[in-house]
Amino acid sequence: MLGYKIHYDLAEFSYDDATGQTYLNGYTRYEDLGTDKKWLKNRQASYYGSTLHFYRSLIRNELYEQGFGTFLVKQVIDSAHESTLSLEQAEAAA
């Protein structure tokens with residue numbers, strides 16, 4: 001969908017019969033298949049709003065220009081869940 005061919009060079013493989021876990025380790029390489037308009041459009045749609053887009057905008061100090069927003073969230077104390085003495089603790093303290 002993005003116009004890349006992915007090559008994966010498997011360097012290490014193991015399988016644990018006891019746990020059923022598989023371990024893979026290797027190296028990836030992406031080959032660009034061209035500049036088809038559909039691929040370029042899909043690449044842009046995948047990039048905008050992504051984590052990579054956010055961090056690049058943050059580093060360049062362009063968050064708001066790139067459509068991101070940041071908000072200061074203050075801690076709110078929920079009085080219904082504040083620590084209170086249980087009946088046993090109150091009786092022991094008395």
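Before you click on anything, one definition: a residue is buried under 20% relative accessible area, exposed over 50%, and partly exposed in between (1.4 Å probe, protein chains only). By that rule tyrosine 30 counts as exposed, because its relative accessibility is 51%. We'll come back to it.

This is a predicted model, where local features need pLDDT of at least 70 and side-chain atom pairs count only at pLDDT 80 or more, while totals for chains, interfaces and linings use all residues. Residues are numbered from 1 along each chain as its sequence is written, and side-chain values use heavy atoms, with hydrogens and water left out.

**Whole chain**

Start with the cartoon view. Helices (H or I, at least four residues) and strands (E, at least two) are DSSP runs, numbered from the N terminus. Of the 94 residues, 7% count as buried.

Now colour by pLDDT, the predictor's confidence in each residue, from 0 to 100. The chain averages 89, and 83% of the residues score at least 70.

**Tyrosine 4 and its neighbours**

Select tyrosine 4 and tyrosine 30 and show their side chains. Rings of Phe, Tyr and Trp (its six-membered ring) pair if their centres lie within 6.5 Å; planes under 30 degrees apart count as stacked, over 60 as edge-to-face and the rest as tilted. The structure holds four such pairs. Here the ring centres are 6.3 Å apart and the planes sit at 80°, so this pair is edge-to-face. The pair links distant parts of the chain: tyrosine 4 is in strand E1 and tyrosine 30 in strand E2 (residues 22-32), 26 residues apart. Tyrosine 4 counts as partly exposed, at 39% relative accessibility.

A salt bridge here is a side-chain nitrogen of Lys or Arg within 4 Å of a carboxyl oxygen of Asp or Glu, and the structure holds one. Aspartate 32 is in strand E2 and arginine 43 in helix H1 (residues 37-47), 11 residues apart. Arginine 43 is buried, with a relative accessible area of 16%, whereas aspartate 32 counts as partly exposed at 45%.

Move to tyrosine 47 and tyrosine 48, which form an edge-to-face pair: 5.3 Å centre to centre and 75° between the planes. Tyrosine 47 counts as partly exposed, at 23% relative accessibility. Then pick Phe54, Tyr55 and Phe68, which ring pairs link into a cluster.

**Last stop**

Finish at asparagine 61, in the loop between helix H2 (51-59) and H3. Is asparagine 61 buried or exposed? Asparagine 61 is exposed, with a relative accessible area of 66%. Check its backbone too: phi is positive, about 60°, although asparagine 61 is not a glycine.
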